[in-house]
Structures are given as C-alpha cells and as structure tokens.
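Subject: Structure for your review

Hello,

Here is the structure we discussed. Please open it first; my notes on what was found follow below.

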Amino acid sequence: MNYRSEIRNIAIIAHVDHGKTTLVDAMLKQSNIFRDNQQVGELIMDQGVLEREKGITIMAKNTAVTYRGVKINIIDTPGHADFSGEVERVISMADGCLLLVDSIEGPMPQTKFVLRKALERGLKPIVVINKIDRENSRIAEVLGFTQDLFLELATSAEQLDFPVIYASAREGMAVTEPSMKSKDITPLFECILENVPPPQIESGPFQMLVSNLDYDSHKGKIAIGRIWRGKVATHDPVVSVSADGGITRYEIGGVFTYLGLKRLEVAEAEAGDIVAVTGLEIVNIGDTIASPERPEALPRIEIGEPTVEMTFGVNTSPFAGREGRFSTTRHLRERLYKELETNLSLRVQDTDSPDTFLVKGRGELHLAILIETMRREGYEFEVSKPEAITKVIDGELMEPMEILTIDTKEEYIGALTEMLSKRQAQLTDMRNDGHDKVRLELRVPTKGLIGFRGAFLTATRGEGIMNTVFLGYEAWHGDIASTRNGVLVASEQGSAFTYGLNNAQGRGLTFIEPNTAVYEGMIIGLNSRPQDIAINVCKEKKKTNVRSSTSDIAIKLTPPVKLSLEQAIDFINKDELVEVTPENIRLRKKLLTEAKRLRNISLSRRSTKA
Ligand SMILES: Nc1nc2c(ncn2[C@@H]2O[C@H](COP(=O)(O)OP(=O)(O)OP(=O)(O)O)[C@@H](O)[C@H]2O)c(=O)[nH]1
Ligand SMILES: [Mg+2]
C-alpha cells in the first residue's frame, strides 16, 4: 500500500454548538490563507443565508489548509440531530476526525451519535475539549465522560487510545495539557499530522465516490468527493455509475482541489485527495465516477431513515396566488423532487391527491429549513402538522423513539415532568450539578416531541436547553391526547380591526396586528379554552359621529404573539394547516367555514360511536 504523506483528510464532528465551525475559523486564519488586511469575520464556513441567520451549520462543507507542507482537507459538519444525514453523507471522505466536546456541557446525545458513525467507519479520532476559556469549565470531568463514551462505542482496543487536545476555538488556542499556555493552535495541527493517517492510495484506473454536489452558472454541475483510486485530469473520459447500475459516459470538464474558501483548478489530481470535478450533468450523490476501463461502483452512502413526515400542498387558501411566484402543482412537484438530489435524508412521495406531496425528514427543523428555503425562493404552498412516521413490522405497529436531554434549573422540574408524562416520556437519568442546574434524560416517542419545543421554552422561561437524538423503533405506545387549547378563527374575510381584535383578546391570545388581511377560517389566536371559536375580527365599532379610526385608537391592544415558521408548524393540530408564502405565514383550519367544521365534528362523533 502507498500513502500520500502530504495530505490528511479530517471531519469535524460534535454535538450542536460545541464549536466546530469556530475551530475551522481558527484553522483557516492561522494557516495564512487570507491576506493580512482581509476581513473574514466569524463562522466563515456558515455561508448559507439561513446558516448565518440561525447561527447553526445546516450543510456539511469542505475546505482545506496547509500546515508545514501538508494539505489538511477539512470537512465541517452540522451538529444538530436533524441534519445528521449530512454527517453520514460526508464522513466516508475522511481518515480521521476531531471530536469536539464542550468543556461544560460534556458529551451530549449527538456527540454519541456522530462518534459512533466515525468509529464504525474506522476514522482515527482526536478528542478536542473545547471552550476551556469558559468560566465554569470542568475539563477533567468532561474528559472522564468522554472516555466512558469511547468505552461504550469503540469497536477495537486501538480506538480507546485517542489523543486529547484542549482548546478555545474562539480564542484560537490549543494545548496538549490543560495547564499549558499557548498563543495559537499549533499543537492541534501537530496532533493531526502525527495521529491522522495519511490517505492510503490504490493505483489503477480512476475511481471516486460523489459525496456532494454544487452548481455553478458557468461550469454547471460540480461533483465533489474523494478519489479512491488512480488519477483524474481535464478531458479524461469517465463514466458515472448510478444507483441502478446504469452507466453514463462523460468527459471531465475541469478538476479542482480545495484551499481555504476557494476551489483551485488543477491539471490533475490523485487518489487520496478530495476534489471537485465538472462536466458530468446528471451525476448524483452516492454515484461512483470511474475510468471507463474499470467502471466499478464503490459502496453507496448509507443514510438513516426519516422519522417525521408532513404534507406539502398547493395553496388552497382564498389568498392563493397573490404572494408567491411559484404556486402551481408542477412548480411544487419539481422543486420537491429536485431537493432529493442533495438532501439525502429527505423523501418525497406523491399522494392520492395530485396537489399534495408527502415529505419525510429527520425532524421538524429539517423540514422547516426546507420550507423556509422554498418560501424565500418565491414558492407558496401549504403544509400540515408534522407526524412521526410509524411502520408495521411483523404485523406490529411500531413508532420512532428518541432520547431527550434537558438542561435546566431545578425549579422547572415539576412542571416539565407533568408535561412530559402526558407525552409518554420516561425518565432514564437525572443528574444534579450540585447547584441548581439539572440534566434530565428521557426516552420519548417522536410523536410526543412534536409541538413540545414551544411548550418547553414557555415552561422554562427560556432557561432550558433541549436536545433529541433518534433511538430506534419500538412498539406503538398508544395515542396522545392533544394538549393544546382551541383556536380563535376569523369568521369573515376582510381587514382586522382593533375593535374586533380587542374582542378576540377577551377570549385568549391573538397572533395578528390590526389591518392584517384575514379570511374566513384563518386562525388569528389561541383560545383560553379547549374548543375553537369563530370571531369576527373585521368588526368595526358602530359608526358614530366620531371617526371609527380615532375611536379605535383609544383601545389599547396587547401586542400579538408572532409565531415564527417553526413555531407555527409546532403549533398546529391535525385539522389545521400552515399557509406559507414569500410574504406571510398564516395559520388556518383545513375546513374554512364553521358550518363545515361543525358537520365534521358531528360526523366523526358518529363514526366513533358506531
Ligand atoms: N467561550 C467560547 N465560546 C465558543 C468557543 N468556540 C465556539 N464558541 C461559541 O459557541 C457558539 C457555537 O459555535 P459554532 O462554531 O457555531 O458551533 P458548531 O459546533 O459549529 O455548531 P453547529 O454547526 O450548529 O453544530 C458560538 O457562539 C461560538 O462563538 C470557545 O472556545 N469558547
Ligand atoms: Mg457549525
């Protein structure tokens, strides 16, 4: 076997927010990639609009730095459990990984998930205890927990012998012993060179696995992946091998390697390196690109199954077609199926209704990000309440289960326990930090977590953090009764008036401002009782000599509760929809008129009695 000693390929993996992208910042900044006066800012790799807005990584991305003549290809991955398909997609490109662990939080559910994936793939791990600058960091303890995790997950004794680096990604420093001082992350670079094996190469005809796709308006489709065998050069004839074994011939348009934020065009590239190639129009992630001499497929990328589904339908509200550029079935269908090319853990299915598609993802956030992206692209559509995906195995109904971890203050435990038991959660562990902080670990059916996040934040007054990770399928635990109150529903189409909204506020919370356009059946608030009520919010105060607008002003409304897209999806019940357009997010009843809704209730009562 030959090695390429001038290359290292590493993936950076961790639980959400433990500092992966910040550590990549430090690696980029300290390897002289940028000009001295270049303003690069923070979280450099998080270039997606939603990534920047939300401060989280959504897609895995490649970059590279050079250190002492060695090129280190770096793959930054997302830590949020909903995007774990991204980790599965890219991890096969690496030979080693940096497992980051927050020096206060310690290993979290997603730390375990990603470490398991990395060890299964045989990646050489380096543990990085990060954020050691934080005031209450408990480095020794966190290292102990991390060692326990390795004991649980290691597939060979060798994997237990991992190097540890202590770092503050934010301050751009790393050391090999917590007591040491350093001005930079040199010890981390040295540790990578020393411990991560250089890529093994096989000589022979060219072969690479496509792990990612990108588009360029000039160059067209760009296929990204690691070369496993041989070399590739511009104009080389190649074939792509698709999932069904189909072979398509192409000529390589260009070959690129990574350096910093750029892709550099090179004449040729060799096994062991991570490259981007152009010229292949219909290649997909998971396909192999190979020399026509030996068109053998590499094993395809395995991605965990989706756990949550919801419908995406053509907008059927009375305001349909007003605000979106793309609103037809054809638009919606094409866009959703296109998403499958890069969003590997997503599934899309046609349904009995030609205007509605079933979309399955790894969690509510996974689906919410797709909805938000489409809305910004100009699409308008309606979505249903997310539901856990059940399946029947050997005649038995099974449902997905998750591990829920909660970090909060002791005082909220009572309220949380009550909420969680209604959602069929079972407490499996509770740890106290000796002050007033606790960590709870629970097993919960996925269905019990839908709509939980909002309630959780309210119950803990924003002083709680919750994380979930997929556990597996278990026999159905039974139905969960809806815990939400009824809604306030507009009874007429028009413009909401302060007077009408004031009446609504006598019944509960409202979601809209005065002058908002409403339609019959649109949800404008939350009732303080279990049933829905229809209210005419377009009602003005009876006309007197005084102009109505001035008398309106005299009424002081409580500011409305504005639901974000994620909150809206979390909020709705099965008989409701979220209408999504580039300009608005509206909530509505599926059945818009009160008469239809009442008839539906009496019909369903009759059918349950029968
Ligand atoms: N105090 C301190 N904060 C840090 C450190 N590293 C990262 N942070 C902060 O932690 C937060 C999350 O950092 P990110 O780098 O986005 O974390 P991430 O692991 O990439 O997060 P995801 O990609 O969303 O999973 C940011 O506010 C960082 O500024 C550190 O060493 N010390
Ligand atoms: Mg990140």
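Which atom of ligand 1 has a backbone N or O atom of Ala169 at 2.9 Å? It is an oxygen atom of ligand 1. Please keep in mind throughout that this is a predicted model.

Ligand 1

On its own, ligand 1 has 650 Å² of accessible area, and the protein covers 88% of that.

The shell around ligand 1 consists of 18 residues. Lys20, Thr21, Thr22, Thr57 and Asp133 are the closest of them. Sorted by class, the shell holds eight polar, six charged and four nonpolar residues. Helix α1 is the top contributor, giving three residues.

The magnesium ion

Two of those closest residues, Thr21 and Thr57, turn up again at the magnesium ion, ligand 2. Each donates through its OG1 atom, and the distances to the ion run from 1.9 to 2.0 Å.

Strand β37

The other region I looked at is further along the sequence. Strand β37 spans residues 585-589, and four of its five residues are buried. What does β37 pair with, and in which sense? One partner is β36 (residues 576-580), which runs antiparallel to β37 and is joined to it by five bridges. These two strands make a hairpin, with four residues between them. Within that pairing, Ile585 of β37 stands opposite Val580.

Another partner is β34 (residues 522-527), also antiparallel, with two bridges to β37. Here Met522 has Arg588 of β37 as its bridge partner. When you look at the side chains in this area, remember that in a regular strand they alternate between the two faces of the sheet.

That covers the ligand sites and the strand.

Regards

Terms used: Residues numbered from 1 in each chain as written. Chains lettered and ligands numbered in written order. Predicted model: local features only at pLDDT ≥ 70, side-chain atom pairs only at ≥ 80, totals over all residues. Heavy atoms only, no water. Donors = N, O, S within 2.8 Å, 3.2 Å for Na, K, Ca; no water. Near = heavy atom within 4 Å. Polar contact = N/O pair within 3.5 Å; in protein donor to acceptor, adjacent residues only side chain to side chain. Areas by Shrake-Rupley, 256 points an atom, 1.4 Å probe, with all protein chains shown as cover. Nonpolar A, V, L, I, M, F, W, Y, C, P; charged D, E, K, R; others polar. Buried < 20%, exposed > 50% of the residue type's maximum accessible area, 1.4 Å probe, protein only. Pairing = 2+ DSSP bridges.
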